[in-house]
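Subject: Structure handover

Hello,

Here is the structure I promised to pass on. Please have it open while you read my notes below.

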Amino acid sequence: MRKLFYFSLCLLMMPLLAFTQEIPKKNYTAIQIDDAPVIDGLLSDGVWGKGEWIDSFIQHEPFNGKEATQKTEFKVLFDKDNLYVAIKAYDTSPDSIVRRLTRRDDPDGDFVGIAFDSYHDLRTAFMFAVSAGGVKFDQMLTEDGENEDSSWDPNWWVKVDFNELGWVAEMKIPFSQLRFENKSDGVWGMEVFRQTYRHNELDFWQHISKDVPGLVHHFGQLSGLESIKPQKIFDVTPYALAKVESFEAEAGNPFADGSNSSINGGVDAKIGVTNNLTLDLTINPDFGQVEADPSQVNLTAYETFFQEKRPFFIEGANITTFGIGIGDGGVGNDNLFYSRRIGRRPKLYPDLNDNEFASVPVFTPILGAAKLTGKTSNGLSIGIIESVAGEGRAEIDDNGTRRFETVEPLTNYFLGRVQKDYNNGNTIVGGMITSTNRWLDETTEDHFHKNAYTGGVDFTQYFKDKSWMINVNAAFSQVNGNEEAILRTQESSARYFQREDNDYVNYDPTKTSMTGSGGRLQVLHQKGHWTHLGVLLWKTPGLELNDIGYLRQADQVFAMYWGQYRVWEPKGIYRSWNLSGDFYNMWDFGGDLLGHGLELNGNLTFKNFWSLWSHYNLNTNGYSNTMLRGGPQMRTAGSQNIQYNISSDSRKKLHFWVYNNYGKGFDDSSDHFTISSGFTYKPINTLSVSMNADYNKSFDELQYVSQDSYNNQDRFIFASLDQKVLSASIRISYNFTPDLTLQYWGQPFIASGKYLDYKMINDPMNKNYSSRFDLYNSNQMNLVDDVYNFDENNDGIVDYSIDKPDFNFQEFLSNLVIRWEYNPGSSIYLVWNQTRSGFTDNGNLNVGDDLDNLFADKAYNIFLIKLSYRIGI
């Protein structure tokens, strides 16, 4: 397998044998005006009579390169303050135009739009689009269109109108919302596009073939803007919030009397520091309107990765990221910056005595944050984040006597990121540094690093019209703290330095600092229907990113080859299809080959817009440095897994899908089965109802339970785990207008786990799977008051004990949000959050009993109203 990987990597480096014919770039000259039009969608102002309407759109899909089936015309005007764009979407069947109402940035139906490469760096673009329902859809495109940032929400105006010939969109885009150089040549990149929903047809003014890499550098040109001047943005948005909480009162607990109320406020600001750099500020931010994280049961030793949902941290995230992983989930999340660290749930919990009660903050308060982002005229991209998270303090009551205990220290987070373009965006050099500095006391100094620093450099080179790419990201880390804090880091699940067979690391309990490094090398080739990718990842044992970044596991070398073949021209029964596959190997820094695997994927879209997706994965027998959670290396059984998904036409009012996943471990070591199904129903243009249900049943013969010692020997206690998870998600969206929306999300969740056949690991490296462990017999263990007592030598004396690990967890999360953007940038939120949870230790899934238990007690309710008002200067 190792030879095959290097052979494949060499194939990637072969020179191109052919090239794609370049499509000539179109040019449009904008028209300067003195009198601004009224934005009403009617195009009745006289200024729209100036100049010519431009058409000649070409299909991007489904029939790449063919003439558009519907005529589209556009015109671009400007004055000293704004751009004005009009797009006429002619339609031979106006009654077939789909004009559904949705929330901003979630278009559904026909739409039109325009994108400007105002930097003219051939890599970055600002997109403004609108659906036929009048819903705004805007994005910032970076990395030549590879990254799409939908959280970018500029302030602009648009109206749509319908007539017997089709529909019209009229836009006003302030120059203050765009970034460009003061002394430019008046030439930008520009693309105009349209989607005809019923045909699933996407048309471009400047044709971009589907067999070429990249997007922005293929744009046409917009000229005639020599006279415009950049305008600095200056928006200040104060907010006020009132919140009421109700919950089950707890007798004797002074912090749980059944209700709570508060009033809060803060300020957000967006300030143009220069023509190209924008400073975002937030003081005492509140994200009460943000949807809760979905329920999960995590029985691994690793931290759960949650997606960022807070607007301040999402917008512009493309410049503040520095990944050293690949793919989605798991190793793909490894990054120098993980914004969920800022304002996270406190890490510690007070150790309470009998009759003591505590009020512990749910999240660490963010006192303030600043973010500077932008790109200078010479191609230097800048991203800086500075944030201070306040001290999280638990208030503890002991029969009326109060004391406070720190559960999260006062912390300063800093990030600095730069990237420089050369050679028309074909060469990119960058770097990033982060620092985390904490103010610790005697309660926290053993649990947190006092200081943590990471940094990295990256280099990307494109060749042959960007059909070849080489990328290298290299990073380092250093953490400092007292001996106990650094010992915890050495023994964490990311590295387990304490393993008795770990002879290639320096395990030192007296250390007060630790350093490490990591990186990623990628070689990519795209040519026609084929894409090839070779990847090499490395993370030394001492690499630690988890103060401001995310690292699942260090001590890895990972090599992968991935290839894909795509067909996008409709033919026969299909509209498009693709096949892809990869194989990979993984080593540790001791030189041990931990395992290798193979993946195959297939996607097929039929002409009736139904689709089929399938996936196969094979992991061979291997080795694990983490299965015994600090114990020695252990052989692991391989597995294979198959998944598929069938989906109906998503354009229809009723759309549904079915998903199935089945996997089985070698030597009958495990098996799992998942069935999921869901639908979306849109009976009218303003209403969407979605629901999905999931059932998962899994069995794992070797689930870690605990570890202890016996006769000066480690005992690693495992059991067979029979686990079941039943969950559903309900989402309802109703749009009164494009700016006034109601959204509801609810998730019932039930999970159970029954531990059986307890066993000890006695020979973890035995080639025979069943010889790696011994089962405890009925005489060696007994259950007393939910505690398993183990008498290993049957002498009547308890040798060690563990709490009964069986579980049945129930949770119901819901979120109702009414949002009215009464003016661009100014909003009112009405929010109702509800949480219900329950727990038993019987380990059995019984839906009726579980729901009764879940809804037996009073829920935790939060009602809030939030008002923000944008002041633009």
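**Around S827**

Setting aside residues up to four places away in sequence, S827 touches R819, W820, E821, Y822, K866, L867 and S868. Contact here means heavy atoms within 4.5 Å. S827 sits in strand β46, residues 826–840. Helices (H or I, at least four residues) and strands (E, at least two) are DSSP runs, numbered from the N terminus. S827 counts as buried because its relative accessibility is 6%. The classes are: buried under 20% relative accessible area, exposed over 50%, partly exposed in between, with a 1.4 Å probe and protein chains only.

**Model and conventions**

This is a predicted model: local features need pLDDT of at least 70, side-chain atom pairs count only at pLDDT 80 or more, and totals for chains, interfaces and linings use all residues. Residues are numbered from 1 along each chain as its sequence is written, and side-chain values use heavy atoms, with hydrogens and water left out.

pLDDT is the predictor's confidence in each residue, from 0 to 100. Its mean over the protein chain is 92, and 96% of the residues reach 70 or more. Over residues 1–20 the pLDDT is below 50; that stretch has 36 contacts in the model beyond near neighbours in sequence.

**The whole chain**

The protein chain has 4 helices and 48 strands. Its radius of gyration is 29 Å, close to the 29 Å that the globule rule gives for 873 residues, so the chain is as compact as a globular protein of that length. That radius is taken over C-alpha atoms, and the rule is 2.2 Å times the number of residues to the power 0.38. Along the principal axes, the C-alpha atoms fill a box of roughly 100 × 70 × 50 Å.

Of the 873 residues, 52% are buried. Take the contacts between residues at least 6 apart in sequence: 64% of them join residues at least 24 apart. The chain exposes about 38400 Å², with carbon and sulfur atoms supplying 53% of it. Areas come from the Shrake-Rupley method with a 1.4 Å probe; for residues, only the protein chains shown count as cover.

**β19 and its partners**

Strand β19 (residues 366–375) is mostly covered, with 8 of its 10 residues buried. Two strands pair if DSSP finds at least two bridges between them. β17 (residues 277–283) pairs with β19 in the antiparallel sense over 7 bridges. There, D280 stands opposite K371 of β19. Strand β20 (residues 380–389) is joined to β19 by 9 bridges, also antiparallel. A369 stands opposite S387 in β20. The hairpin of β19 and β20 has 4 residues between the strands, and G379 takes a positive phi near 90°.

**The β42-β43-β44 sheet**

Here 3 strands form an open, antiparallel sheet in the order β42-β43-β44. Its edge strands, β42 (781–784) and β44 (800–803), each pair on one side only. β42 and β43 (residues 787–790) share 4 bridges. L783 has Y788 in β43 as its bridge partner.

**K71**

K71 lies in the loop between β3 (58–61) and β4 (72–78). K71 counts as partly exposed, at 42% relative accessibility. Beyond its neighbours within four places in sequence, K71 is in contact with D55, K88, A89, Y90 and R194. E701 is 630 residues from K71 along the chain, and their C-alpha atoms are separated by 63 Å.

Best wishes
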